[in-house]
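Hi everyone, thanks for coming. Let's take a look together at the structure on the screen.

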Amino acid sequence: MTLSPIPKVLSTFLKHKVKALLIGGQACILYGAAEFSRDIDLAIMVSPENLEELRKTLEELDAERVFYPVLSEEVLLRGHACHFRCHRKDVKGLRIDVIGVMRGVDSFHELWKRRQEIELPGIGKVRVIGLADLVKTKKTQRDKDWPMIRRLIEADIYKAPDDPPEDKIYFWLVECRTPELLVFLAAKYPKIASRISTNRPLLYSAIQGNLEEVRTLLRDEEEREREADRHYWKPLRKELEKWRSRRDP
Amino acid sequence: MYPGQAARGSLIFEPVFYRHRNKGSSVMKSPFQNTSYLDTSTVEAEVLDWYEMSQAERFAESQKLWEVFVLLGGDYDPEPDTQSPFHIFET
């Protein structure tokens, strides 16, 4: 019997039919970028009915809110995350974070359409955010998210067939963060790389095989995304501070 | 520098976890592997093992690591992360 609380929590969410997508570290494990994560992050559909099911699920897990804000439609739609800690004996201590809206990705409705359903023995069909959307959620201000993106793409390429479909090649060329692999892909698929290079200028350098320039431009790309993430969270952090100081909502 | 050299040593998790895994480093060839740099000469064998697995296999292996996590007195709280948007609220 596993000591992990993860299967029990996922089963409880499935039992209550909460419309939720696995994101974060657990999704990275499934897609090959991580080996271990100590919590569960979920993107959830924000609706009164779904939040009701979520509350029932949290109640069954004896989960209490940690930090701010208090779970509500309003705070989730504003882009905040709500944090919980389980107290039920078999899942004691496990953290669950839920979010309804994320920077740089489509609405939950669109994410749901692109979800992947993965059958996990003993749990059931777990709904997971699509790989391309997961990559977008990882473009944050945190150092630890960027190596994840790199591995997500590497794992996807590693499992690809000899003759990958064009949309896959497009995806890799748009999101790959391994300089050597970008140069390799640009050489193998020069026409597609050339088409995309208008939107991703570093592909010009990749086509030319200029590894050093690709590295530099990857760092620039990363810094722009980090700055955009800091900018996105600035007003949200102010709201959090306000709520924390007033002890509401 | 040969292609893919930078990928060396890019393991994200502590080696202790690898030592507790049952899988060896018997890497199977990916069809795409013949034409890319993603092979054992450029990427850690353990990482390629992980890439090679199915999603359900990865999940199962990850659950086994909880034994190590519990044995080592692992803490459920996230590691202090000053870059997290929630950092000041979690202290």
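Let's start with a term: pLDDT is the predictor's confidence in each residue, on a scale from 0 to 100. Helices (H or I, at least four residues) and strands (E, at least two) are DSSP runs, numbered from the N terminus. Our model is predicted, so local features need pLDDT of at least 70 and side-chain atom pairs count only at pLDDT 80 or more, while totals for chains, interfaces and linings use all residues. Residues are numbered from 1 along each chain as its sequence is written, and chains are lettered from A and ligands numbered from 1 in the order in which they are written.

Where in chain B is confidence lowest, and where is it highest? The lowest is helix H1 (residues 15-19) of chain B, with a mean of 31, and the highest is helix H3 (residues 55-71) of chain B, at 92. Across residues 1-31 of chain B, pLDDT stays below 50. Where pLDDT is low, the predicted coordinates should not be read in detail. For the model, ipTM is 0.91 and pTM is 0.87.

Now to chain A. A residue is buried if 20 or more other C-beta atoms, placed from the backbone, lie within 10 Å of its own, exposed if 12 or fewer, and partly exposed in between. In helix H2 (residues 24-31) of chain A, eight of the eight residues are buried, so this helix is largely enclosed by the rest of the structure. Among them are Cys28(A) and Tyr31(A). Just after H2(A) comes Gly32(A), with a positive phi of about 95 degrees.

Lys17(A) is not a glycine, yet its phi is positive, about 55 degrees. Lys17(A) is exposed, because 12 other C-beta atoms lie within 10 Å.

Note on methods: Two residues are in contact if their C-beta atoms, placed from the backbone, lie within 7 Å.
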